[in-house]
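Here are my notes on the two-chain model. They are set out as numbered points, to be read with the structure open.

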Amino acid sequence: MDNTLDIEADAGRQKPADGPASPPPVRRILLDQPPTVAAPAGAGPAAPGMSGAAARHAAAEPGPERMVLDALSVFYSDKAAVKEVSLVIRQGEVLALIGPSGCGKTTLLRALNRLTELTSTARREGTIQLDGHDVDELEVTTLRRRVSMVFQQPNPFPMSIFDNVAYALREQATKRPGRKEVAPHVEDALQRAGLWDEVKDDLDRPALRLSGGQQQRLCIARAIATRPEVLLMDEPCSALDPKSTRIIEELILELRTDLAIVIVTHNLQQAYRVGDNVAFMYLGDLVEYGPADQVFSAPRAQRTKDYVGGAFG
Amino acid sequence: MCPPTAEPGREGLQSVPVHVREASYGLGKTKIATIRRVLLPSVRSNVSTGAALGMGRIAGDTAIVIVLLGATLTLEPEGEVPGADVLRGTGSTLTSYVYNNSPAGEGNAPQKAYAAAFVLLLIVVALNFLVDVIAKRGSRTGLESQRLGA
């Protein structure tokens with residue numbers, strides 16, 4: 001096999017809209033070519049002719065900068081999983097990280113709240129700033145309360161629904177706040193996660209008895225209960241059915257008004273639906289970053305074009 | 001004695017997925033809080049099973065006790081500290097008591113042997129019941145529905 005890189009789409013590829021069914025285009029993954037890195041784009045005007053999501057994306061005002069990544073690299077042993085990525089995460093926007101498997105999206109996400117430190121072989125270079133402070137100078141527990149995370153698998157703790165949310169709220173103080181004190185915050189978090197109406201009558205039910213979609217919304221409620229500034233989501237819908245996925249996507253769009261959301265997804269349509277800005281990563285490099293419409297409709301890098309070509313082509 | 005007691009708990013801890021721990025760390029919790037509030041409740045039934053197995057092993061052991069305590073029928077305390085003196089002195093366990101009082105042993109008092117065997121039986125039943133209660137309390141966490149794949 002000739003190891004050339006790039007997901008090479010057939011040149012004369014057409015979308016068989018309603019014509020006779022033609023075989024799907026042949027796409028080869030070619031290795032060994034250095035990735036082409038495009039300069040990060042400023043927030044340009046959305047491409048005309050897009051409706052729905054495009055209008056929404058265009059309407060979004062860039063919010064204040066919450067996290068600034070500067071030349072962030074993460075290594076596992078000596079292998080670089082993320083290479084010198086510089087990004088800005090703003091409040092009020094959803095940043096969607098897309099890219100093939102194993103290209104460093106999740107690692108980048110985990111570096112943001114220093115979860116990579118749990119892996120003994122991981123090493124990080126470059127700086128991450130949260131509201132102007134280097135995250136290394138913050139206490140790790142404080143950082144993770146301000147930059148919280150939702151995982152791929154719904155993973156409520158083995159306790160009641162109420163306690164799952166309250167667990168996140170209660171600090172490790174000598175005097176733990178009682179149920180009465182945390183109850184309003186628990187209700188608020190469940191309300192914002194859109195789960196309150198379904199569970200308000202039996203908050204003492206074990207959380208593990210909820211359905212998968214409800215469990216994931218509970219995990220979101222748990223993550224937003226501490227009023228974090230940034231919410232990290234690692235493929236939050238990949239274990240869910242389409243209906244639950246839709247509910248969670250709507251939830252993401254509601255939540256993004258008060259916090260910055262970074263979402264890793266393999267689903268390009270989802271990245272387009274929920275993402276205001278999209279960052280395309282390939283083999284650890286940030287290949288392209290820009291507004292969702294621009295990345296999907298007019299990508300500047302060839303590699304991005306080839307990758308997103310599968311989504312709407 | 002230790003392996004059968006510790007093994008169920010160890011297996012239980014290993015069965016807790018890594019992302020559940022990470023979720024706790026991800027909420028800004030310390031290692032201690034994660035262990036106390038997430039890991040230990042997850043392995044509650046495993047630990048109680050291990051404890052019951054360990055106690056069952058001790059209660060049922062005969063040979064070790066004979067070697068260690070001498071296993072005489074007379075209970076002779078040694079030392080002045082109340083409570084500890086009994087532990088330091090000679091004595092026997094229920095199983096060696098049963099053996100010694102049976103026609104095969106020195107006592108030859110079958111009625112005593114039967115009585116002791118009955119007490120041993122009660123202890124074992126009580127232990128099993130206790131484990132059941134602990135495991136039931138654990139069921140409020142809903143873990144068993146997850147294990148069944150529900």
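**Notes on the predicted model**

1. Chain A contains 11 helices and 12 strands. This is a predicted model, and every remark below should be read with that in mind. Of the 313 residues in chain A, 46% count as buried. When contacts in chain A between residues at least 6 apart in sequence are considered, 71% of them join residues at least 24 apart.

2. Chain B has nine helices and zero strands. Read from the N terminus, its elements run α-α-α-α-α-α-α-α-α. Chain B has 150 residues, and buried residues make up 25% of them. Among its contacts between residues at least 6 apart in sequence, 58% join residues at least 24 apart.

3. Next, the contact between the chains. Chain A contributes 23 residues and chain B contributes 22 residues. On the side of chain B that touches chain A, at least two residues come from each of helix H2 (18–26), helix H3 (31–42) and helix H9 (143–147) of chain B. H2(B) gives the most to that side, with six residues. By class, the residues on the side of chain B that touches chain A comprise nine nonpolar, nine polar and four charged.

4. Helix H2 of chain B also holds B:Arg21. Is B:Arg21 buried or exposed? B:Arg21 counts as buried because it has 20 C-beta neighbours inside 10 Å, and the cut-off for a buried residue is 20 or more. Leaving aside neighbours within four places in sequence, B:Arg21 is in contact with B:Val16 and B:Thr34. B:Val86 lies 65 residues from B:Arg21 along the chain, and the C-alpha atoms of the two are separated by 45 Å.

5. The axes of helix H1 (residues 2–15) of chain B and helix H4 (residues 44–60) of chain B come within 7 Å and cross at roughly 170°. Angles over 145 degrees count as roughly antiparallel, and H1(B) and H4(B) are therefore roughly antiparallel to each other. From H1(B), the contact is made by B:Pro4, B:Thr5, B:Ala6, B:Glu7, B:Pro8, B:Gly9, B:Glu11 and B:Gly12. H4(B) supplies B:Asn46, B:Val47, B:Thr49, B:Gly50, B:Ala51, B:Leu53, B:Gly54 and B:Arg57. Sorted by class, this contact has six nonpolar, seven polar and three charged residues.

6. Helix H4 (residues 161–169) of chain A and helix H7 (residues 212–224) of chain A have axes that come within 7 Å and cross at roughly 30°. How do H4(A) and H7(A) run, roughly parallel or roughly antiparallel to each other? An angle under 35 degrees counts as roughly parallel, so H4(A) and H7(A) are roughly parallel to each other. The crossing of H4(A) past H7(A) is right-handed. Residues making the contact are A:Ile161, A:Asn164, A:Val165 and A:Ala168 on H4(A), with A:Leu218, A:Ala221 and A:Arg222 on H7(A). The contact of H4(A) with H7(A) has five nonpolar, one polar and one charged residues.

7. Helix H5 (residues 179–192) of chain A is next. H5(A) has 14 residues and reaches 19 Å from its first C-alpha to its last, which is close to the 20 Å expected at 1.5 Å a residue. Its buried residues are A:Val182, A:Val186, A:Ala189 and A:Leu190. An α-helix has 3.6 residues a turn, so residues three or four places apart point the same way. The cover over the buried residues of H5(A) includes H4, helix H6 (196–199) and H7 of chain A. Just after H5(A), A:Gly194 has a positive phi of about 70°.

8. The last point concerns A:Ile224, which is found in helix H7 of chain A. A:Ile224 is buried because 23 other C-beta atoms lie within 10 Å. Not counting residues up to four places away in sequence, A:Ile224 touches A:Ala189, A:Arg192, A:Ala193, A:Leu231 and A:Leu255. A:Ala189 is one of the buried residues of H5(A). A:Leu190 is another of the buried residues of H5(A); A:Leu190 and A:Ile224 are 34 residues apart in sequence and 9.1 Å apart in space, C-alpha to C-alpha.

Note on methods
Residues are numbered from 1 along each chain as its sequence is written. Chains are lettered from A and ligands numbered from 1 in the order in which they are written. This is a predicted model: local features need pLDDT of at least 70, side-chain atom pairs count only at pLDDT 80 or more; totals for chains, interfaces and linings use all residues. Two residues are in contact if their C-beta atoms, placed from the backbone, lie within 7 Å. Helices (H or I, at least four residues) and strands (E, at least two) are DSSP runs, numbered from the N terminus. Ala, Val, Leu, Ile, Met, Phe, Trp, Tyr, Cys and Pro count as nonpolar, Asp, Glu, Lys and Arg as charged, and the others, Gly among them, as polar. A residue is buried if 20 or more other C-beta atoms lie within 10 Å of its own, exposed if 12 or fewer, and partly exposed in between; C-beta atoms are placed from the backbone. Axes are lines fitted to C-alpha atoms, for helices over the stretch in contact, and angles run from 0 to 180 degrees between N-to-C directions. Angles under 35 degrees count as roughly parallel, over 145 as roughly antiparallel, 65 to 115 as roughly perpendicular and the rest as oblique. A crossing is left-handed if the near helix is turned anticlockwise from the far one by less than a right angle, and right-handed if clockwise. The expected span of a helix is 1.5 Å times one less than its number of residues.
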